[in-house]
Amino acid sequence: MAEENKQEQGQEIKSGNQGKQFEIAILPLQNTTLFPETVVPLAVGRSRSVKAVEAALATEEKLIACVTVKTPEIQGSDAKPIDLYEVGTLVNVKRMMRNDDVMQLIVQGVDRVKILYWSQEEPFLKAKVEVLPELEVVDHEEVEALKRNVQGMIQEALAMLPQVPPEVRMSVMSQNNPVQLSYFLASVLDLGVETEQKMLEANTTDDLLSLTHGALAKELEIMQIRSKIATEAQGEMDKAQRDYILRQQMKAIQKELGEGDEGGEKAEAAQLRERLETADLPDEIRKEAERELKRMEQLPQAAPDYHVIRTYLEYVLELPWKKSSEEKLDLNEAQKILDEDHYGLEDIKKRILESLAVVKLRPDSKSPIILFVGPPGVGKTSLGRSIARALGREFDRISLGGVRDEAELRGHRRTYVGAMPGRIIQTFRRVGVNNPVLMLDEIDKMGNDYRGDPAAALLEILDPAQNNTFRDHYLDLPFDLSKTFFIATANQLGPIPIPLRDRMEIIQLAGYSDQEKLNIAKQYLIPRQIKENGLQNDQIEITDDAVNLLTARYTREAGVRQLERTVGNLARKVALRVAQGNTEKVTITANEVKGFLGSPRFYPEEARAELPAGVATGMAWTEMGGEVLFIEATMLPGGGGLTLTGQLGEVMKESAQAARSYLWSHATEFGINPEMIKQNGIHVHVPAGAIPKDGPSAGVTMASAMASLYTGRKVRSDTAMTGEITLSGLVFPVGGIKEKVLSAHRAGIRRIILPERNESDIEEIPDDVRAELEIIPAKYISDVLSAALETEVSGPKGENYVIPETKHSDGTNEPLIAREK
Amino acid sequence: MAKSINRYFQFIASSKNAKSSGRLWYPAADVYETPDGWLVKVELAGVSAEDIELEIQGNILTLAGCRKDRSCAVGFSYRQMEITYSHFEKILSFPASIEGASIEHNFENGLLLIRLYKRETA
């Protein structure tokens, strides 16, 4: 009966009609969804399922409905109706093979069915189902677009699957029915039960295609990522392999060339490690270096950082962290060395020896920092060298002239390309010990700009309290500078910042006197030049007066550099004669100098035999030493005020005004008619007009020149003077006394008027010069004037100028002040 | 995925020609041209004549039907099944229109023989 029923229903199904309802065995499926048109193999082992299949095979058309279990955890054969979806697939069992208790099936989907109600649960599931309508393929534009998209994606997917045979590709690509294509893809792709079920339940072609499209897109993306990962892995391997081969080849080439330091980077790192282990480093430095080395070992040789670290480590290893040169300080020996190398400079040598004595008594004390200030060529640098020799230490010098970047001293941080340590650390690597004598030359010539101020960096370097942990930007490790003997040199104190000046012991080197220059020439310069020019001592002789002529007329300097060059010039001329075969001894006297060197180059200001009223001799300090200058004052009859010329600075102008005001207010004391000052202008000129001058030290000279003009008493021509004046008539001390006096002496001056409080400086003046001078200390301007002015009125007295009639109320013609007196 | 595609195609045979669901089996057929018409031989063993439908339209001959298993009686149990029992459809096209031809058919050793006699006045 049931069989007949089936038969009937079978007939109806065959006719393709949907909506038919019939009762059928249900096969629950796990993790799989079957679709119409698709052929799928199934294995059925559980007894309940086997019974369901057997029931299906008993029918004429071998039909069964496959329904998927909602939750994968539930075994298909144990599934209860509630665990199953409501839409499944009607399938035809095409083949069956029993293998022990397992049935191997090949089934093909026929139609979609919807479960109406469950009619049986045991011994197998059975339900009344209704055949769902077949999806119609309408030539809707959207469907077409989706279909083409899907086909495009399939093509892409197939491109990534080279193992799919071509006939399969063909058949997939030629599948034009979107519904069948979708069902096919759904059964082929592993989309997950939920998606597959949704696709099965889709009731329009549109919905189905959208779902297919989405699923395929996702699948395609996964495939792309997977293939990308695979390609990248492949690429990486290829590159590594290529590098390896190239490196092997390079090694072979190096070996052939004899450069083959076995095994490139490994060996390099190992070498560094060996050096690091044997190096004598402070613990902190070792720790840091080891950390860097570890980093380097992990890097490939081609990495840019590898070389940066290697250079850095080499630097660290080469620095003298603990290495010092042994000190062999013998003060007597030191004295001998200083005397050998330098003539005179007794005071300076004494101070140097004092400093050295402290170093000897307290080796752990902070080394002193000495600053030599003086004009060029006086031997600052060579003094530093002598100190190093006396101490038995290494010597090196850093020229700071023109340095204007802080990084020059302190280095650049390692992050910068081509970064290097600063000059300080570089010097330490060069000398190889941590207690050298380090000369900082031209410390007054450092510049500064927006990049930083090197003087500020020097503050740290030269501070004994903090320079034991000096950190270079490049090294970034504390280096101990405190054992270093720093010597700085400068031509002028002015440009050195006060905090920096404060850290150093300042030793002033004045210029040399003519006598000293003569001695230096005889003892050092002439023998040295004879040797340098390949002459013998018996081939040339330069007499003392020739040397004096050279210092006075062929050179103008505080030091002896130009003198040495001039001597060298003479020596070369003699060398030419000798080389030409004239081996006779050449004696150069003052008369012959002109023949060798041509006319004298300098005509120094010499004391003038007679000065007219209104002219006074002053002394000026220059970087080259000292000079005499003449201050001229002249009356401007009927004019007014004070005219100042000669490139005078503000301070100098003011001291001229002070001089005039003082004389005006004390006119009667000096026998000057104040009316004359009031009625006539005065012009003060300081030659040479092109050279800028400044400073207060010409105050007394101006006062003398004006007083001479007003009184008609000439200033003594053998007298030169210096000193600052105040309105109350005091004379203040000034600097550069030694140079000034020496230059005045050179110019033939024999009387010098100095501020009383400068008396201590007189001791600096060499004895031979002092013996020839009369030095007059002055406390007040009146002292200066009485010493400078001649007593008798010899010039055109100021009174001679036209003085307009001034009638006083009482009818007398006498000066007001005098009258009040 | 490639594997499953291959597996799929082992069974799918020529399903790409399928037009709609419900027709899953495609019996093999030979077509002879005879002096007086055509002889069509179709492998349809086990199909009873009443289950076959023939239809002629223009130059197309459509065979459709269903092979049903009538041997499986109550109490039987399958051990192996390799014969396909299901709907089938076979569409044969001829070079000329066969409409109006007279048809004869009979089963011979499991093969369905269909003879088409051209109409005298074609």
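Student: Let's start with helix H22 (residues 650-665) and helix H24 (residues 699-711) of chain A: at what angle do they pack?

Tutor: A word on the model first: it is predicted, so local features need pLDDT of at least 70 and side-chain atom pairs pLDDT 80 or more, while totals for chains, interfaces and linings use all residues. Residues are numbered from 1 along each chain as its sequence is written, with chains lettered from A and ligands numbered from 1 in the order in which they are written. Helices (H or I, at least four residues) and strands (E, at least two) are DSSP runs, numbered from the N terminus. The axes of H22(A) and H24(A) are 9 Å apart, and the angle is about 45°.

Student: Is that arrangement parallel or oblique?

Tutor: Angles under 35 degrees count as roughly parallel, over 145 as roughly antiparallel, 65 to 115 as roughly perpendicular and the rest as oblique. H22(A) and H24(A) pack at about 45°. Therefore H22(A) is, relative to H24(A), oblique.

Student: How many nonpolar, polar and charged residues make the contact of H22(A) with H24(A)?

Tutor: Contact here means C-beta atoms, placed from the backbone, within 7 Å. H22(A) contributes residues including A:Ala659, A:Arg660 and A:Tyr662, and H24(A) residues including A:Gly699, A:Met702 and A:Tyr710. Ala, Val, Leu, Ile, Met, Phe, Trp, Tyr, Cys and Pro count as nonpolar, Asp, Glu, Lys and Arg as charged, and the others, Gly among them, as polar. The contact residues divide into ten nonpolar, two polar and one charged.

Student: On to the loop between E1 and E2 of chain A: is A:Glu37 buried or exposed?

Tutor: A:Glu37 lies in that loop and has a positive phi of about 80° although it is not a glycine. A residue is buried with 20 or more other C-beta atoms within 10 Å of its own, exposed with 12 or fewer, and partly exposed in between. A:Glu37 has 23 such neighbours, so it counts as buried.

Student: And A:Asn31, buried or exposed?

Tutor: A:Asn31 sits in the loop between strand E1 (21-29) and strand E2 (39-44) of chain A, with a positive phi near 65°. Because 12 other C-beta atoms lie within 10 Å, A:Asn31 is exposed.

Student: Over in chain B, what is the bridge partner of B:Phe107 in E8(B)?

Tutor: Four strands of chain B form an open antiparallel sheet in the order E1-E2-E8-E7, where strands pair if DSSP finds at least two bridges between them. Seven bridges join E7(B) to strand E8 (residues 111-117). In E8(B), the partner of B:Phe107 is B:Leu112.

Terms used
Axes fitted to C-alpha atoms, helices over the stretch in contact; angles between N-to-C directions. Contact = placed C-beta atoms within 7 Å.
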